[in-house]
Protein chains: 2
Amino acid sequence: MDDDPLGHYELIFLLGLAFQQVQRDFVQHLDAAGYDDLRPAHGFALQVITQGRAVTASELAERLGVTKQAGSQLVDQLVERGYVSRATHPSGGRRRLLVLTARGHQHMRDAGSILQQVEKTFTKSIDRHRLAELRSDLIAIIRTSAPAPEVPPLRLFS
Amino acid sequence: MDDDPLGHYELIFLLGLAFQQVQRDFVQHLDAAGYDDLRPAHGFALQVITQGRAVTASELAERLGVTKQAGSQLVDQLVERGYVSRATHPSGGRRRLLVLTARGHQHMRDAGSILQQVEKTFTKSIDRHRLAELRSDLIAIIRTSAPAPEVPPLRLFS
DNA sequence: TGCCTGAGTCAAGCAGCTTGACTCAGCTGA
DNA sequence: TCAGCTGAGTCAAGCTGCTTGACTCAGGCA
C-alpha cells in the first residue's frame, strides 16, 4: 500500500472519491434501467415524498434545504415526467399533497434493488466484520459534528 | 446502533454524509482563516498547480475535468485574488505557465495544517488500527471501479 | 512563406439555484 | 360576516458556474 498513490491521499479525499465512484455507478445503472430523465436531486425528492407523511412542495423544499421555488421546480419536473402527482391535502387549505404515481413507486423499487446491487459490488472484497466496522466508523465521523440531516445535501461542492 | 437511525442508512449515504461533514468543517475553518474568497474548486486548482510541473490553463482544465474556458475562468479568479500569476512558459510558444504567488504558497501551507487538524478531530474516536483499516477499505471501494482521477471531481451531485 | 496546430479568449446560452414581489385560498377574531 | 392576516404556491428577474461554438493569433514546420 505504500506504493499505492491512494495511500497518501487525505482521508477526506478518500471519502469523496469512494462516494463519487459508488454514486456514479449507481447513476449509470439507473440510466441503463430507463431512468435517465432523473437527476440525483429527483431521487432525494422522491425519497422524501415516499418516507414523509403528507408532504407538500414547501415541506419538500425545506427538507432538501432549498427554497420553495427550487422545490416547486423539482416537483414540476417530477409531475411532468410522471413520477408524482399533486392531490388535495387531507388537512385542507391551499396545500397540495405530493403522492407517488405507479411509475414513481416502480422507480423506488428499482432504485432500491440497483443500489443494493451496486453496494454489493463495491464491498465484495470487504468481509462482513470489516464492513460493519466501516459503517460504524463512518457513523462516528458523521456524529462528530452536526446531527445528520434527514436527507443528504444536494450539492457537496461549489 | 440498532436504534441509531444512521445505522439503517445505505453505505452510499454514510459515505456522502461523512464526506460532506468533514468538507463543510474544513471550509468553515478555511473561511475563518481568511480564505473565504476561495471555493473548493479553487483549492483543487491550486493543488494541481502546486503538484504539477509547468501547468498551463488548458492542462489544469483537463485535469479538473472541465472545459478550457471554465479552467481559464478559475485561473482568472485566482490571479485576480492574488494566489496565482501567469508566467512565460519555459517551452516557449503561446503557453502561459501558472505559478503560485507568495499568497498562494501561504494558502497551501495553511490549508494543509487546517485539513490535518480537521481530520484529527473527526477521527479522534477511532483508534489507529481501525483508522488504517478504514483507509484501506475506502481504497478497496475506490479501486473496484475506474482508476482514481488525479483530483477528486468538482461536483458530486447534479 | 504559406499553412497548420494548438493555447487561450470572446460571446452566447443553459441549468439550477437564488431573492423579491406577488396571488389568493382559507382561517380567525372582533 | 367581513376585514384582515397567514402561509402555500407562483411569477419574474438575476446570479453562478458551467457548457458549446466561433474566433484570435503565436509559433513550428514543410
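A residue counts as near a strand if its C-beta atom, placed from the backbone, lies within 6 Å of it. Helices here are DSSP runs of at least four residues, numbered from the N terminus. Keep in mind that this is a predicted model.

Start with DNA strand C. It is surrounded by 20 residues, and the closest are Thr67(A), Ala70(A), Thr56(B), Ser58(B) and Arg96(B). Which helices each supply at least two residues of this surface? From chain A, helix H4, residues 68-80; from chain B, helix H3, residues 57-64, and helix H4, residues 68-80. H4(B) gives the largest share, three residues. By class, the surface near DNA strand C has nine polar, six charged and five nonpolar residues.

Now DNA strand D. At least two residues each come from H3 (57-64) and H4 of chain A, and from H4 of chain B. The largest share near DNA strand D is three residues, from H4(A). The classes are five nonpolar, nine polar and six charged.

H4(A) also packs inside its own chain. Its partner is helix H2 of chain A, residues 40-51, at an angle of about 90° and with the axes 10 Å apart. That angle makes H2(A) roughly perpendicular to H4(A). Which residues meet there? On H2(A), they are Ala41(A), His42(A) and Ala45(A); on H4(A), Leu74(A), Gln77(A) and Leu78(A). This contact has four nonpolar residues, two polar ones and no charged ones.

Conventions
Residues numbered from 1 in each chain as written. Chains lettered and ligands numbered in written order. Predicted model: local features only at pLDDT ≥ 70, side-chain atom pairs only at ≥ 80, totals over all residues. Nonpolar A, V, L, I, M, F, W, Y, C, P; charged D, E, K, R; others polar. Axes fitted to C-alpha atoms, helices over the stretch in contact; angles between N-to-C directions. Parallel < 35°, antiparallel > 145°, perpendicular 65-115°, else oblique. Contact = placed C-beta atoms within 7 Å.
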